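User: I'm about to open this one. Let's go through it together, please.

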Amino acid sequence: MTGSEESPSFRLAYVPGVTPSKWVRIWDERLPDVPLALLTVSAAEVLDVLRGSDADAAFVRLPVDGTDLSAIPLYAETTVVVVPNDHVVAAVDEVTAEDLADDVVLHPLDDTLDWERPPGRPAIERPATTADAIELVAAGVGLLVVPQSIARLHHRKDLTYRPVTDAPESRVALSWPEERTTELVEDFIGIVRGRTANSSRGRAQPPAEPNAARSDKGTARRKPAAGKPVGKTPGKSPRTGSGTSQGAKGAKGAKGAKRGKPRRRP
């Protein structure tokens, strides 16, 4: 790397309610040399952040508009209604949208739930943010329907929440610009999809030892030491199995034997 090149890094944005700590921990274990920077962005701004190259990838809430962004759906959240502790809804385990028909239900401008028709009676004015709507619920102005993680994020002692069984769910996805699907983006996709470090889409592993090299090593181990017979027990005659002395005598006799027919003496 030359002095003018920047060190690699990965910038991850996420919308409120999403907790990326599990994936960040795995990233730090697998790619300790690549720092991961986190950026919290509102649901209304996160797609612009991706398109403006301020983040390499982001956890967003679906839908994602446009064809320039890729998205992998990860999970869906339960939808809940946030109410004051003394509200009648607090006395039950769950409600339907129809149960909220007589209440003022706040619909903030950053709401990500895909309502065909929001439940309850509309407020005179829509709050700018979910955080503002939470303050209005605490003041007794109305109720608020949000994903459960958002209710947990804005937890207050004077408020509680209950599931709304027939409300649309909020779906969380990992999104990134299609034209910037880099190797680091692929690494992070593998992490959120649960791939192991040794998977084909993970970081490259050290190459395995070639078969030929292993074969050569095995041949070297099997090569007998110099001066030793192959496949025979040392000190044994190959034919009779007798000791070395007998084998030596047989060798001398063979060496001293005369060749050809014996001559007659006159």
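User: What do the buried residues of α3 pack against?

Analyst: They pack against β5 (79–84), β6 (105–106), β7 (143–147), α4 (148–153) and β8 (159–163). Contact means heavy atoms within 4.5 Å. Buried means under 20% relative accessible area, exposed means over 50%, and partly exposed is in between, with a 1.4 Å probe and protein chains only.

User: What kind of model is this, and how are residues numbered?

Analyst: It is a predicted model: local features need pLDDT of at least 70, side-chain atom pairs count only at pLDDT 80 or more, and totals for chains, interfaces and linings use all residues. Residues are numbered from 1 along each chain as its sequence is written, and side-chain values use heavy atoms, with hydrogens and water left out.

User: Back to α3. Which of its residues are buried?

Analyst: T130, A133, I134 and V137 are buried in α3, which covers residues 130–138. Seen down the axis, they fall within an arc of 105°, so they line one face of the helix. That arc is taken from the directions from the helix axis to the C-beta atoms.

User: What follows α3?

Analyst: G140 does, and its phi is positive, near 85°.

User: Zooming out. How many helices and strands are there?

Analyst: The protein chain has seven helices and nine strands. Helices (H or I, at least four residues) and strands (E, at least two) are DSSP runs, numbered from the N terminus.

User: What order do the strands take in the five-stranded sheet?

Analyst: The order is β2-β1-β3-β9-β4, in an open sheet with mixed pairing. β2 (36–40) and β4 (69–77) stand at the edges. Each has a single partner strand, so one side of each lacks a neighbour in the sheet. The twist averages 20° from one strand to the next. Two strands count as paired if DSSP finds at least two bridges between them.

User: How do β4 and β9 run, and how many bridges join them?

Analyst: They run antiparallel, and eight bridges join them. β9 spans residues 170–177. A71 stands opposite S175 in β9.

User: Which strands does α1 lie across?

Analyst: Helix α1 (residues 21–30) lies across β1 (10–14), β2, β3 (57–61) and β4. It runs at about 165° to β2. Helix α5 (residues 183–192) packs on the sheet too, touching β1, β2, β3, β4 and β9. Its direction makes about 160° with that of β9. Axes are lines fitted to C-alpha atoms, for helices over the stretch in contact, and angles run from 0 to 180 degrees between N-to-C directions.

User: New topic. How many salt bridges does a search of the whole structure find?

Analyst: It finds six. A salt bridge is a side-chain nitrogen of Lys or Arg within 4 Å of a carboxyl oxygen of Asp or Glu. R11 and D56 form one, with their closest N and O atoms 3.2 Å apart. R11 is in β1, and D56 is in the loop between α2 (46–51) and β3, 45 residues apart.

User: Are those two buried or exposed?

Analyst: R11 is partly exposed, at 30% relative accessible area. D56 counts as buried, at 16%.

User: What does D68 pair with?

Analyst: D68 forms a salt bridge with R51, the closest N and O atoms being 2.8 Å apart. D68 lies in the loop between β3 and β4 and R51 in helix α2, so the pair ties together parts 17 residues apart in sequence. R51, D65 and D68 are linked in a network of salt bridges.

User: And where do R156 and E135 sit?

Analyst: Their side chains meet in a salt bridge (3.3 Å, N to O). R156 is in the loop between α4 and β8, and E135 is in helix α3, 21 residues apart. R156 is partly exposed at 26% relative accessibility, and E135 is partly exposed at 48%.

User: Last one. What is D54 in contact with?

Analyst: Leaving aside neighbours within four places in sequence, D54 is in contact with R11, L39 and V49. D54 is found in the loop between α2 and β3. The C-alpha atoms of D54 and L39 are separated by 9.4 Å.
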